[in-house]
Amino acid sequence: MSIQDVSPCVKCYIMEVQPNETLTNLKAESDTLKTKLEDERAKLHDVELHQVAEKVDGLGQFIMKTRRTLKGHGNKVLCMDWCKDKRRIVSSSQVSVWIIVTFSEEHAVTMPCTWVMACAYAPSGCAVACGGLDNKCSVYPLSLDKNENLAAKKKSVAMHTNYLSACSFTNSDMQILTSSGDGTCALWDVESGQLLQSFHGHAADVLCLDLAPSETGNTFVSGGCDKKANVWDMRSGQCIQSFETHESDINSVRYYPSGDAFASGSDDATCRLYDLRADREVAIYSKESIIFGASSVDFSLSGRLLFGGYNDYTINVWDVLKGTRVSILFGHENRVSTLRLSPDGTAFCSGSWDHTLRVRWAALIGIHIFGTRGTVV
Amino acid sequence: MSGKVCSNNSVMQARRTVEQLQVEASMERIKISTAAAQLVQYCQENSRSDPLLTGISASSNPFKDKKTCVLL
């Protein structure tokens, strides 16, 4: 039996100060390991992503106007998520959670909760989860009956010791992953409310999380106020990779569609791309003129575009491969707080402190020739 | 006594940090040139089916109101 098998409290008692395990020696060892990690990563840094992408055709001009503006909230929009049916969204604000039934009607079901910083649609479309300053994540089963009091059916699932910053169902309605201001992430069984796994490693508030695409296995990435992005094994609770290149809080993380990389958005006004197999940051999306934090990021379906919502009210669209900005999207009249691509990739929705949600998609007229070298699509 | 507990906690934390770093250091990595090539390849393979790159025509507007048919 090794020290790994022993529970932490027992470790405390049986641990004696070994000659080679004084605090000084351990700190020296961790410094050596950190240097070794940096060296290993540096050895593989033989080229930049944008250099490899030089041969790729550039993107044409983008026209992506706001096609729908949803105004029902009356409060700062903090979070939103799409239903898999691609026609419904759930969004949350300082005082309520709101489900839009179709885009042709602004149909809202209001469920009063305290500052709701996180919301998510269940994969089945039959429930939503939300939470915030109440330190909990609660699940509300949805009903077609508009008159039914949904708040009465609420089920408390997660309990943290500080605010809930993000939540996501795993690939079924049965489990929810949460992140919290208490510095941890956790996996919960929805039915029983039981804690299945907890994830410790961040040194400060965890602000965001994203699950790896299901084909790539049981991992997820989280970002926090400690400027770190951590990749976790969901089954063991182990942090398997850690990235610390941002200079401020990481507000948003999102996997690249292949699962081999992820992007992050930070208060340091940059978005970055980290490749998981190279174990390194491979691109920074920034401009001297962009000085406000990025609150929310998401990729287009092919991974070619990265959308970033910023605190200067704009959405910047980045060419992921070439590292250049392709477009700026205006329209919001206050911070963009949340941004997500629709499940089929045809549109994306942004939510803002200006109380609205905006849905945009690319119109065919007027743009776009994209293809491999030598061919015209 | 409390001093000893405190220093035990710091040692425990330092040990956990070392263990965590050992896990991370033992990872097998690939070169950026290989990783980048795969990211580029994925983009190109999927570009034609990316609606935000290719745009969508008015007739296939996903948010257009659907008219219902009434059978007489």
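This is a predicted model: local features need pLDDT of at least 70, side-chain atom pairs count only at pLDDT 80 or more; totals for chains, interfaces and linings use all residues.
1. **Ground rules.** Local features need pLDDT of at least 70, side-chain atom pairs count only at pLDDT 80 or more, and totals for chains, interfaces and linings use all residues. Residues are numbered from 1 along each chain as its sequence is written, chains are lettered from A in the order in which they are written, and side-chain values use heavy atoms, with hydrogens and water left out.

2. **Chain A.** Chain A has three helices and 28 strands. Helices (H or I, at least four residues) and strands (E, at least two) are DSSP runs, numbered from the N terminus. Of its 377 residues, 54% are buried. Buried means under 20% relative accessible area, exposed over 50%, and partly exposed in between (1.4 Å probe, protein chains only). Take the contacts in chain A with a separation of 6 or more: residues 24 or more positions apart account for 45% of them. A contact means heavy atoms within 4.5 Å.

3. **Chain B.** Chain B has three helices and zero strands. Along the sequence the pattern is α-α-α. Of the 72 residues in chain B, 36% are buried.

4. **The interface.** The size of an interface is often given as the accessible area lost when the parts come together. Here the two chains bury about 5,500 Å² between them, 69% of it on carbon and sulfur atoms. That buried area is the accessible area (1.4 Å probe) lost on being put together, summed over both parts.

5. The rule finds one salt bridge between chain B and chain A. A:Asp279 pairs with B:Arg29, and their closest N and O atoms are 2.7 Å apart. A salt bridge needs a side-chain nitrogen of Lys or Arg within 4 Å of a carboxyl oxygen of Asp or Glu.

6. **The largest core.** The largest nonpolar core has 30 residues. Such a core is a set of buried Ala, Val, Leu, Ile, Met, Phe, Trp, Tyr and Cys residues joined through side-chain atoms within 4.5 Å. A:Leu49, A:Leu273, A:Tyr285 and A:Leu306 touch the most other members. Elements giving two or more residues include β20 (271–275) and β21 (280–285) of chain A, together with α2 of chain B. Which element gives the most? That is α2(B), with six residues. Leaving out residues up to four places away in sequence, A:Leu273 touches A:Leu49, A:Tyr285 and B:Leu39, among others.

7. **A:Thr170.** This residue lies in the loop between β10 (164–169) and β11 (175–180) of chain A. Is A:Thr170 buried or exposed? It is buried, because its relative accessible area is 11%. Beyond four places away in sequence, A:Thr170 touches A:Pro123, A:Gln175, A:Leu187, A:Leu211 and A:Met234.

8. **A:Gly293.** A:Gly293 sits in the loop between β21 and β22 of chain A. At 7% relative accessibility, A:Gly293 counts as buried. Its contacts beyond four places in sequence include A:Ser266, A:Asp267 and A:Tyr310.
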